[in-house]
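Subject: Structure for you to look at, with notes

Dear colleague,

I am passing on the structure we spoke about, together with my notes on it. Please read them with the structure open beside you.

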Amino acid sequence: MRYPSIYLLFVFIILIPCKPEAQESIHKKYSTVNGLVSNTIFDIRQDKNGYLWIATDLGLSRFDGNRFKDFTIIGNKSASISNILFTNDGKTWVQNFNGQFFCTEKNRLVYQRQLSNLSNFNLGHDFNGEHIAVLANKKVLIYHSKTKRMRQLKIPDSVWISSNNSSLSEFYLNHTNSGRNIRITPTGKVTISRQQVPFKNDYQHWVIDEKDSYFVAKTEKKVFCVKTGKTYDFSGLSSNAFVQNACLITKGKLAILTTNGVILFDAKTKSFRKIFKQYSCSKFIQDREGNWWISTLGDGLLFIPHQETKVYLEGIEVSCLQRIGKMFYLGTKENRIFSYDTQSSLLKLVKQNPENHEVKSLFFNPARNELLFCSVVFHWGKVNQKMQHQTISVNQITQLDAKHYVLCESNNLSVFPIDEKSEWLLWKRKNSKIHNKRLTLFEGNRRFLAAIYYQGKIFAHASDGLWLVDKKKNQKLVIGKNADVIHIFKTARGIIITTGDQGVFRYSNGNVKKLVALSRMLKDQRLYKTKFFNNQFYALTYSGTIVANQNGELIQKLMRSDGYPNVDVIDFEMINNTMFASTTNGFQIIPFPSPKTGRRKPEILLDGCFVNGEEVHFKNAVQFSPDENSIHFNLSVIDYRALGNHRVYYSVNRKKWILNEDNKLQLNELAPGNYNIRIFAETEGKNCKSEIKTFNFEVLAPFYKRWWFTGLISLFFLFIGFFIFRYRVRQIQQKNEILQEKLNLEKQLHESSLSAIKSQMNPHFLFNALNTIQSFIYTNEKQAASSYLVDFSELTRKILEMSNKPFVVFSEELEALRLYLKLEKMRFEEDFEFEIDTQNLQHDSFQIPSMLIQPYVENAIKHGLLHKKGEKKLWLHFSISEKVLQVEITDNGIGLKASKKINEMREKQHESFATIANQKRFELLNQLSDGKIGVEIQETTNEQNEVTGTVVKLSIPIH
C-alpha cells in the first residue's frame with residue numbers, strides 16, 4: 001500500500017457511521033425442500049455405522065448425506081418423538097412425549113409396551129448398547145436388549161431429572177432443589193452424591209465430561225463448572241431467550257442451545273460466542289468426521305463442515321472484489337459496496353446506489369480517496385462527495401499510475417481520465433478518439449474483459465484473444481495453438497495466462513512459455529482462474545481449488561466434496577493461507593488446512609437388499625433360488641462433507657470397474673452361478689476413496705442344471721447305455737447265432753437238395769431207365785430208344801440245373817415233372833397214364849422251392865402203382881390259395897397199408913431215401929421261411945370202403 005496513514009484515516013472517517021454486517025460459519029441447511037420429513041427437530045444422533053438419526057414432530061428419519069429414509073409409527077400414537085437410543089442388535093429406539101417407546105423394524109417404528117408404562121416423558125440412556133435405562137416412578141427400569149428382560153432399581157422418592165448429555169457410559173439423575181445426583185452404571189450400581197449448584201430454584205442441564213461436569217441454568221443464563229467451582233454468565237448474549245438444551249462438543253467445550261441461536265462456551269478460555277441467532281435450536285452434535293449438526297425447531301437441520309470458515313452477506317451474490325493491503329472492497333449484485341477489514345473482521349457498508357443492478361467492477365484508490373465502479377453506468381469521484389457518471393459499461397478497472405486507469409469496456413479499451421496535459425496522449429492512435437476524458441485505443445467494437453499494466457505495456461484480455469498495447473501499436477498474442485484464454489493474473493515474474501483447453505502459460509519479457517508440469521497436473525480439471533501467491537499456484541476449478549508449488553507439483557486440493565462452498569467462486573485473494581472469496585453466496589473466508597491434515601475416508605454401507613422387488617436380509621455367501629435372479633442393492637455413502645458429490649463403482653466377479661449412476665446397484669436376470677460384487681465410493685478430495693466392500697452370493701441353477709442332478713442323469717444314462725449296450729450285444733450275438741444257424745440250415749438244405757438229386761438219380765431209377773433203353777435196342781426199337789435217351793438226358797440236365805437254385809420258377813418244376821412222368825410211362829408202356837391239371841395258372845409268375853414235388857410223385861409210382869395189376873393212373877392237381885400252392889398227387893394204386901406190408905415182406909431191402917431226404921428238407925425250409933410247408937398223406941376209398949389209392953396234399957408258400 002502506498003499511503004498507509006492516509007488510507008487508515010480515510011477508513012476511520014468514512015466507515016465508522018456504517019452499520020456492521022453479521023457473520024456465520026459456512027453451512028448448509030437441510031429442510032423439507034431437501035426431503036426432510038419435518039423442519040421441527042427435537043433430537044439428532046449418529047450411530048456406529050455413521051448414519052444420522054433425526055427425531056421430528058412427524059416421526060423418525062435417517063440420513064446418509066444424500067437422502068432421507070423415513071420410519072413411520074404403526075398405530076394411532078403420537079409421532080412427535082425425541083430421545084434417540086441405540087442397541088447392539090442394530091435397532092434404533094425413540095420415545096414420544098407421551099412416554100411411549102418405539103424401535104425400528106424394517107421401515108417402521110413398532111410400539112414397545114414393556115418400556116412404555118411410564119406416566120410421562122423422561123430421557124433414557126443406552127449405556128454401551130446392551131441396556132436401556134429409563135426413569136420411572138421411584139425406580140429406574142433397565143431393559144436388556146438381547147434377552148428382553150427388565151429389572152428395576154429403586155431410587156429415593158423425589159422429582160428427578162434425567163440427563164443423557166454425557167461422554168461416559170452411565171445414566172445420570174439430578175435433583176434440582178436438593179443438589180443430589182445419582183449415577184447408575186450398566187451393571188446396576190447406584191451412586192448418590194451431593195453437588196450444590198449456585199443457581200436459584202431453576203431447571204438446569206447437567207453436562208458430564210470425562211474429568212469435569214457443568215450445570216447450565218435454563219433462565220438465569222449461567223454456566224457452573226464443578227471442577228473450578230466458578231460460574232460464568234452469558235446473559236448478555238441471550239437476554240430475550242431461554243436455554244433449551246446443553247451439549248458437550250469436545251473436552252471443555254459446550255454448546256448451549258437457546259431459542260435464538262447457539263452459544264459456544266470454551267471452559268479453557270472462559271469465553272462465549274454466539275452463532276445462528278436467527279434459529280431456535282434444540283440439539284447439537286459433532287459427528288465422527290468433525291462436522292457440526294444443529295437441529296432447529298421450525299427451520300430444519302444445519303450442517304457446518306468447517307467451523308473456522310466464515311460467510312458474510314449470506315444469500316447475496318458478491319459480484320466483484322478488490323484487495324488493498326489488508327482491506328477488501330466488495331461489490332454486490334444489489335448495487336452495494338462494502339469494505340472488510342481483515343484485522344478487525346468488520347464488514348461495513350460503504351456505498352449504496354438507488355439502481356438495483358450488480359456492481360460489475362470497482363476500484364478504490366486510497367491515495368486520492370477516489371472510488372470508481374460500474375453498475376448500470378460508470379461512476380467515479382470522491383467517496384464522501386457527489387460522484388460523476390458516464391453511460392458506458394466497464395467490465396474491469398486497472399490502475400496505470402497515481403491518476404490514470406485502464407477501463408475494459410464492452411466495446412473498447414480506454415485510458416481514463418485524459419486531459420490536455422496528460423502524458424498518455426502519446427498513446428493516441430491515428431483513429432483514436434478522446435471522448436468524455438476517455439482515450440480509446442482500438443478501432444471498432446471489441447469486448448475487453450481484463451487488463452494489466454506490465455513493463456510499460458498494457459496486457460489486455462479481449463473477446464478475440466490477448467493484445468499487447470504500447471505507444472506505437474496494438475499487437476495480438478498467440479497463446480499455444482490458438483488457445484482459448486479465460487483469465488490473466490499479474491505476478492512479479494510475469495503474467496499468468498489460464499486457458500480453457502491447453503493449460504496454463506506465463507508471459508515474461510516478450511516470451512510466452514507453457515507451464516508444462518502445472519498444466520499436466522491440471523489436465524483433467526475444468527479451469528476457471530489461476531493465481532499466484534506466496535510462491536504457490538492456486539488453480540480455481542469448477543469443483544474446488546488446487547494448490548501447487550512453483551514447479552507445478554501438487555500440494556493440496558480443497559474440493560467441494562471436502563465440505564467447502566458448493567457455490568460458484570467469482571474471484572478470490574489469498575492472505576496467510578486463507579482464501580477471501582467473492583461468491584454467489586456472499587463473501588466467504590476459508591482458512592486452508594495444513595496439507596498434512598487427515599480426513600476420514602468415505603464409507604459405503606448396504607442400506608437394503610431387494611430380491612425380485614422384496615426386501616430381504618442379506619448376508620455373505622447367501623444362496624438364492626433359480627427364480628430369485630433380480631437382485632438390487634441400496635447403498636449409502638457416509639461422507640457428509642461430500643454433500644452427495646461422490647461416485648460409486650462396482651465390479652462383478654473381478655472384472656472391470658463400472659461407474660454406477662446412483663446409489664442403487666441393480667443386477668437383473670442373473671444367470672445361475674457364484675457372484676462376487678465389489679463396490680467402492682470416491683470423491684474428489686484428499687483421502688477420497690472408501691474401502692472396497694464385498695458381497696458374495698450364489699444364484700442356484702435349476703435342479704436339472706445342478707451337479708447332483710447332472711450326475712444322476714449321467715449315471716442313469718450310463719446305466720441305460722450299459723443295458724442298451726448289453727442288449728445290443730446280446731441282439732448281435734443272437735442275430736449272429738440265428739445267422740449262423742441259418743447258414744447251417746442253408747448248408748443242410750443244400751445238402752438235402754443234393755440228397756434229393758441223389759434220390760431222383762437213385763440206382764433203381766438209373767437201372768430201370770438203362771434197362772428200358774436196352775430193351776428198346778434188343779427189340780430193335782431204335783426210335784423209342786433214341787426218344788427215351790433224349791428225355792432221360794434232358795431230365796438229368798434240368799435236375800442238375802435246379803440243384804443250384806433254392807427256388808425255381810413253377811414252369812421249370814412242372815417241366816421236370818412232365819419229363820420224369822414221361823420216362824416212367826415209357827417204362828410201364830400202356831399200363832400207366834398220368835394227368836396234370838394246373839387250372840390255367842401263370843407258370844412263370846411265381847417260384848417254389850426246387851425239386852420238392854418229384855419225390856412224392858416217385859413214391860406214388862414206386863409204392864402205389866408199381867405193384868398194381870391192370871390200369872395205373874396218376875393225377876397231379878395244382879391250385880393257388882392265399883399265396884400258397886396247393887398240390888394234390890392222387891394215384892389208384894394199392895394204398896398205404898398194402899404198400900407197407902410189401903415193404904415189410906422185403907425186409908426193408910430198400911428204404912426210400914428220397915422220402916427221408918424230403919422230410920428233412922421240409923423241416924429246414926420251415927425254419928428258414930415265415931410260411932409253413934404242409935404235407936398230408938391218406939388213402940382213398942370207395943363207397944364199399946375199399947382202398948382205391950392214395951392222395952398226397954402239399955401246401956407250398958410261393959414267392
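Since pLDDT is the predictor's confidence in each residue, on a scale from 0 to 100, I begin there. This is a predicted model, and the protein averages a pLDDT of 85, with 90% of the residues scoring at least 70. Residues 1-20 should be read with care, as pLDDT stays under 50 over that stretch, for which the model has 31 contacts beyond four places in sequence.

As for the overall make-up, the secondary structure comes to nine helices and 73 strands, and of the 959 residues of the protein, 50% count as buried. Among the contacts between residues at least 6 apart in sequence, 52% join residues that are at least 24 apart.

The largest nonpolar core has 43 residues, of which I853, V857, L874, F878, L885 and I889 touch the most other members. The elements that give two or more residues to this core are the helices α5 (782-802), α6 (810-828), α7 (854-865) and α9 (913-928), along with the strands β68 (832-837), β70 (872-880), β71 (884-891) and β73 (947-957); the largest share, 10 residues, comes from α6. Leaving aside neighbours within four places in sequence, V857 is in contact with L817, Y820, L821, L874, L876 and I889. As general background, nonpolar side chains in soluble globular proteins tend to be buried together.

At least two lining residues are supplied by each of β3 (41-46), β6 (68-73), β9 (101-105), β58 (603-611) and β59 (614-616), and β58 provides the largest share, with five residues.

Two strand residues can be set side by side. S582, in strand β56 (residues 578-583), counts as buried because its relative accessibility is 0%; beyond four places in sequence, S582 is in contact with V318, C320, L321, D568, V569, I570, D571 and F587. L554, in strand β54 (residues 554-559), counts as partly exposed because its relative accessibility is 46%. Not counting residues up to four places away in sequence, L554 touches M521, I546, V547 and A548, and the C-alpha atoms of L554 and M521, which are 33 residues apart along the chain, are separated by 7.4 Å.

Finally, some points of backbone geometry deserve a check by eye. Most residues other than glycine have a negative phi, and most peptide bonds are trans. A cis peptide bond joins F416 and P417, with omega at about -10 degrees, and P417 is found in the loop between β40 (413-416) and β41 (434-435). N577, in the loop between β55 (569-575) and β56, has a positive phi near 65 degrees, and N577 counts as partly exposed at 28% relative accessibility. L643, in the loop between β61 (631-638) and β62 (647-652), also has a positive phi, near 50 degrees; with a relative accessible area of 18%, L643 is buried, because the cut-off for that class is under 20%.

With best wishes

Terms used
Residues are numbered from 1 along each chain as its sequence is written. This is a predicted model: local features need pLDDT of at least 70, side-chain atom pairs count only at pLDDT 80 or more; totals for chains, interfaces and linings use all residues. Side-chain values use heavy atoms; hydrogens and water are left out. Helices (H or I, at least four residues) and strands (E, at least two) are DSSP runs, numbered from the N terminus. A nonpolar core is a set of buried Ala, Val, Leu, Ile, Met, Phe, Trp, Tyr and Cys residues joined through side-chain atoms within 4.5 Å. Buried means under 20% relative accessible area, exposed over 50%, partly exposed in between (1.4 Å probe, protein chains only). Contact means heavy atoms within 4.5 Å.
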